[in-house]
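The sequence and structure come first.

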Amino acid sequence: MEILHNLAFGFEHALTLQNLMYCAIGCAVGTLVGLLPGLGPLSTISLLLPMTYSIPTDGALIMLAGIYYGAQYGDSVSAITMKIPHASSIVACIDGYQMTRKGKTGLALFSAGVSSFIGGTVAIVVLSTLAPALGEIAFLFGPSDYCALILLGFLCVGFVTTGGHMINGLAMALVGVLLGSIGTDVNSGARRFTLDLAFLADGIGLISIALGCFAIAEIARNLDSRSEFTPFSGRIQLIPSWTEFKRIIPSALRGSAVGSFLGLLPGGGPTLAQFGAYALEKRFSKHRAEIGSGAIEGVAGQAAADEAAARTSFIPLMSIGIPENAVMALMLAAFIVKGIQPGPNMIGQHPELFWGLVASMWIGNCFLLVLNVPMVRYLLSVFKIPYSVLFPCILFFCCIGTFSVNNNLDDIYITAAFGLVGYVFLRLGLEPAPLILGFILGPMLEENFRRALVISRGSFSIFVTRPISASLLAITAAFFVWQISAYARQALARRASLPATHKGL
Amino acid sequence: MNQLLIRGLALVAIALCFGIPALTYRVGTFSNAGPGLFPLLVSCIVGLIGVVMIVRARFERVESLPFKLRNIFIVLAGLVGFAIIAKHFNVVGAIVYLVFVSTLAGSDYSAVRNIKICAVLIAIAFALHAFLGLNLTLL
Amino acid sequence: MESEDFARRNRLGASTVQVSRLKRCIPGELRLVTAAICSALLVGSVLAAEEFPSKPIRFIVPFPAGSSADTRTRQLVAPLTKSLKQPIIIDNHPGAAGSIGTAVGVKAPADGYTVTYIVTTSVAVGPHVYKDSGFDPRRDLIPLIVAMKTASILAVKADSAIHSVSDLISSAKANPGKLTYGTSGPGSPQHLMGERLKKLAKIQLVPVPYKGDAPTLTDLVAGQIDMTFGPPPATLPLIDAGKLKALAVTSPKRMARLPNTPTLAESGVPGYDEVMWYGYAVPAGTPAGIVKRLHEALRAALLTPEFRQFTELNGGELVASTQEYAAELMRRDFERYGQIVRELDLRAD
């Protein structure tokens, strides 16, 4: 009952004309910028942060939050239609883009829109009911627990490898781990593989790799095939059939659960949530065979997880005052400039900010649904432009996007290099998605592993004595064994039935 | 060319590129890992997978998709040139360069169309600068 | 006729002919003209210095948007815009603990239109750790002002068995190499503060590196590490909420926000004095008149009541020093940290 009371209090604040306007502006700007290839929520918020200094605090928070989760949706759109990912829509490039190639763009976008709505709603319920308690979760996870969790995450590699053998996916993930180790090693301060170049000192940016491997490589591939593929041609069928619509719901719910949970953990947020949701879909969905070649579930799970994680990542900030990823650090800056010290008592000291935010997230959710689903029709007409006109524009946005992360033009060279690398991998039949997963997880695994050993003074028992770590490792081991035995059984069965196999690796 | 062979070779090459420098960093032991331990370990696994692929390539053969280097290199030249021109001159020049060079990779080339594309992109660049405060020297 | 023909075919030649004729005729006047032109230029340059600034001024912040460096500088935008009557643009160039952005600032033209945010880590420690940073602060930067000094708070978990610095020292002596403290990596302020403590108190502590303050404080509250030297803006809220306990502060004088917390110097580690300072600088070669103007504008902006309030909220000590003090402090800390980095062998290559 108290929750309803709090929500009512929040809605009172969120429904003022001013705050409604800020919410609308935030969602609209966020979606628009997310649509633009290359630009993502982090760059947008940091660019727009100064503007919020002259707006009242609650309005500023509502607007920035709107930009954040609006941009998550916009990113999904550019990933689905043009295979141009941003940090949290990498997985959308897999199934979403496949659906576009099959002409089912409208369906993909609709699924993404509805799943985002569901994901957002679930996350808001979580926020309202569990926020203070959930903030404490971050304290339960020590380095050894993160290690175990990340090892479990590595299992997702298998799921993210769509065509061909698992070993390709594993190899790519490991290459991603190697690429992730470029930069300054946290534990020793040594600079690894940086070739003495200053802009590599902090490692390669995720955006540079993602844009290069997906967007640029895809552009080159399209140019090669000379088919001048236009994302759409013909009618845009937006409204799905009832069966198709029904398929969205379970995936979206699963995605929301994964997203809400992963959003709470430092470091990952929406970036990891999408992989987790995708893996879950591949494992549990009824239509799992289709995933990877353009299934609704692949899109729905990811979109829901994205939105959910974006919202629950506010929890650590507002309930303990610790920002768990770069976007939250920007929100923290916005608070500090206004003279508010986010901290463990923030919800208690500034209830109007917290509950106003939760209420406006709900409003923003509705805005996004209403704004995007019809707007998609107009957006798609942009893609009727012939490819030969479109691709230089995409290249331009990729440059701007990669530049705007660090205001450094040198990052464009990295994007170009990864464009080449991504293209070569594409031609060799090796996939970029596991590479990116390895790139994200590898450094985290190493950092936490070494840190766990420093804290335990070199003793490995820390991994089994801590309950969370022990149970996660057990799950990972069990799963791994199960996968290997299933694979071995399959291989034996295949070999027995088909004498002359044509299968390549 | 056998795709499997190339894949294997590529993986071995990557393993060497990362593994050899990793040896120059302190490796240490598992309980006291140095900066070189993880890269070395992972490079070894990648190298191993690469070798397995090369061996399999002797028994199985997969034809590879054609590599058309022209287009990708044109795109890269466009991107790299954009960065260089934007750094030393201004963004407008960089946009013009990018459009004219990258469209060489398209199927038909039209200077007039390129000029129109440039105009639109320049307008967008100005808008990004004005509304989002993008920090680039435009003119 | 001939000369006209010649002139027509060679316009330049014609004017040369005319000038040389002029030269031959009136050399004395020429000297007068030269003198007049020179003095006009001199007056003009003086006037130009006073007309500074005539276009927007760029402040380079070598840290990401939203970081404390960024927030502090943005606080000054409003008063500076008013006093300098030109827009102030903030340009973030993060990377390599501030080296990248500082290098950009150093290479900018020395005309006063590019001001760089400088902090102990980027100009006094960084150049020793990152040898290829591309600049030498003593040679390439003219510090304009030291804005603020911030001490760190030596904090432990609220329910920790350690209640004071003496407890800490005796615990560390009883269990050498067991107590851990969080840092932001080798060469970071926390690391250097910890090393100083180890040296002065003659104890053994194990540094545990993290990527930034947020994960460090999270693990401290969770009890994964024993202590850390926390920056006030992030640590004070946790102390107020009862999640952390402040054992001491690292400055020579007590912090205004924590009047009951002793300094390390008065808790059994005499002579302990580690504070971080930040300020602003321009590239070497900037004309003295412009330097003075920028210094005065910054000083006035720092002394506004709003900024004072901001400083207090964030547990810092407002300094707003003179130019000479800034230059002296930078030089002194550069040498001091050079020594420490050499002793600790912290070179990142």
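**Chain A overall**

The model is predicted, and its local features are described where pLDDT is at least 70. Chain A contains 22 helices and 2 strands. Its radius of gyration is 22 Å, close to the 23 Å that the globule rule gives for 505 residues, so chain A is as compact as a globular protein of that length. The C-alpha trace of chain A spans about 70 × 65 × 50 Å along its principal axes. Of the 505 residues in chain A, 64% are buried. Among contacts in chain A with a separation of 6 or more, 80% join residues 24 or more positions apart.

**The nonpolar core**

The largest nonpolar core has 303 residues. The members that touch the most other members are Leu64(A), Ala334(A), Ile394(A), Leu395(A) and Ala155(C). Helix 4 of chain A, residues 57-82, provides the largest share of this core, with 15 residues. Apart from neighbours within four places in sequence, Leu64(A) is in contact with Gly26(A), Ile45(A), Thr52(A), Met331(A) and Ala334(A).

**Chain contacts**

Two interfaces involve chain A. Between chains B and A, 58 residues of chain B are in contact with 50 residues of chain A. On the chain B side, helix 1 (3-24), helix 2 (37-59), helix 3 (69-88), helix 4 (91-102) and helix 5 (111-132) of chain B each give two or more residues. Helix 3 of chain B gives the most, with 11 residues.

Between chains A and C, the contact takes 43 residues from chain A and 40 residues from chain C. On the chain A side, helix 7 (137-140), helix 15 (326-337) and helix 20 (432-455) of chain A each supply at least two residues. Helix 15 of chain A gives the most to that side, with 6 residues.

Chain B itself is assigned two domains, domain 1 (3-59) and domain 2 (69-132). The C-alpha centres of domain 1 and domain 2 of chain B lie 38 Å apart.

**Helix 9 of chain A**

Helix 9 of chain A covers residues 166-180, and at 1.5 Å a residue its 15 residues should span 21 Å; the end C-alpha atoms are 21 Å apart, which agrees. Helix 9 of chain A is mostly covered, with 12 of its 15 residues buried. Among the buried residues are Asn168(A), Met172(A), Leu174(A), Val177(A) and Leu179(A), and also the glycines Gly169(A), Gly176(A) and Gly180(A).

**Ile60(C)**

Ile60(C) is located in strand 1 of chain C, residues 57-61. Is Ile60(C) buried or exposed? With 25 other C-beta atoms within 10 Å, against a cut-off of 20 or more, Ile60(C) is buried. Leaving aside neighbours within four places in sequence, Ile60(C) is in contact with Asp91(C), His93(C), Gly101(C), Val104(C), Gly105(C), Thr114(C), Thr116(C) and Tyr117(C). Phe135(C) is 75 residues from Ile60(C) in sequence, and their C-alpha atoms are 15 Å apart in space.

Note on methods: Residues numbered from 1 in each chain as written. Chains lettered and ligands numbered in written order. Predicted model: local features only at pLDDT ≥ 70, side-chain atom pairs only at ≥ 80, totals over all residues. Domains from an automatic or database assignment. Helix = DSSP H or I, 4+ residues; strand = E, 2+ residues; numbered from the N terminus. Rg over C-alpha atoms; globule rule 2.2 N^0.38 Å. Contact = placed C-beta atoms within 7 Å. Core = buried A, V, L, I, M, F, W, Y, C linked by C-beta atoms within 7 Å. Expected span 1.5 Å × (residues − 1).
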